[in-house]
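Morning, everyone. Let me put the model on the screen, and then we go through it piece by piece.

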Amino acid sequence: MTQKVAVLGTGKIGEALLSGMIRAGWSPADLLVTARRQERADDLRARHGVTPVTNQEAAKTADTLILTVKPQDMGTLLDELAPHVPADRLVISGAAGIPTAYFEERFAAGTPVVRVMTNTPALVDEAMSVISAGRHATADHLAHAEEIFGAVGKTLRVPESQQDACTALSGSGPAYFFYLVEAMTDAGILLGLPRDKAHDLIVQSAIGAATMLRDSGEHPVKLRENVTSPAGTTINAIRELENHGVRAALIAALEAARDRSRELASGNNG
């Protein structure tokens, strides 16, 4: 049976998801979208062949609803959707910090809810999407969510209690790497390299290192030791990183991101 999927509040991530699903074999005729502005909806139709609808129409006609609005906008969206969502609809939330119980309390009793935290590499089909089941979501519901988000990268199932930690690690994770590349590029300029050459050196090094981590099966400590010769350049750099507390700063940063995710769950959007 044909399954209709609606992406509500289709921004960059939502559009990446649509594009990935179409490349994975979904028919655009089975994909519905909602957008705040009519010109955005028209643009999505022109680029992907999907059907723009209102939020209420999506709730009534789609088998799966993927909610991609910002956490602070979710309450307003649910107020609009709740009267129109039958209990057999699968609701997938992509909003950081908001637990499945928040949705279950607002929809009809027994509505299955799946929580997904993806990240911006969905734009290049290299996302890490972390999936958790609500009280009424079955194994089939989880498999369906994996099929959808697997179109734009890797998926991983975790208990919902681990979602805030995953948000800190992978949801926000790309920003940490961009920050590191920015800092290393500045260092390359300080050392006398043109910005474009410093950028190319660092980006390719990052791609190569990530590929080794993924494909070798080696622990990162082992891979780092393979680069670190006695009394060489690398160990001197590592010493400075340790002297400046970079490891401790990273741990503290991820704890701060996790704590903010918890605040969002408690309704503190300030």
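How far apart do the end C-alpha atoms of residues 160-264 lie? They lie 15 Å apart, and the span is 83% helix and 0% strand. Helices here are DSSP runs of H or I with at least four residues, strands are E runs of at least two, and both are numbered from the N terminus.

Ground rules. This is a predicted model, where local features need pLDDT of at least 70, side-chain atom pairs count only at pLDDT 80 or more, and totals for chains, interfaces and linings use all residues. Residues are numbered from 1 along each chain as its sequence is written, and side-chain values use heavy atoms, with hydrogens and water left out.

Back to that span. An unreviewed UniProt entry places "domain: Pyrroline-5-carboxylate reductase dimerisation" at residues 160-264. UniProt positions are in the numbering used here, feature names are shortened, and annotations may be inferred rather than shown by experiment.

Now the helix pairs. The axes of α7 (residues 163-171) and α8 come within 5 Å and cross at roughly 35 degrees. Axes are lines fitted to C-alpha atoms, for helices over the stretch in contact; angles run from 0 to 180 degrees between N-to-C directions. On the α7 side, A168, L169, S170 and G171 make the contact; on the α8 side, G173, P174 and Y176 do. Contact means heavy atoms within 4.5 Å.

Next pair. Helix α8 (residues 173-190) and helix α9 (residues 195-216) have axes that come within 9 Å and cross at roughly 130 degrees. So α8 and α9 are oblique to each other. The classes: under 35 degrees is roughly parallel, over 145 roughly antiparallel, 65 to 115 roughly perpendicular, and the rest oblique. From α8, V181, M184, T185, D186, G188 and I189 meet R195, A198, H199 and I202 of α9.

On to the other annotated region. The unreviewed UniProt entry puts "domain: Pyrroline-5-carboxylate reductase catalytic N-terminal" at residues 4-97. Those residues are 40% helix and 19% strand, with end C-alpha atoms 27 Å apart.

Last, the sheet. It is open, has eight strands, and runs β3-β2-β1-β4-β5-β6-β7-β8 with mixed pairing. Two strands pair if DSSP finds at least two bridges between them. β3 (51-52) and β8 (153-157) are the edge strands, each pairing on one side only. β6 (residues 113-117) and β7 (residues 127-133) pair in the antiparallel sense over four bridges. Helix α4 (residues 74-81) lies across β1 (5-8), β4 (64-67) and β5 (90-93), at about 155 degrees to β4.
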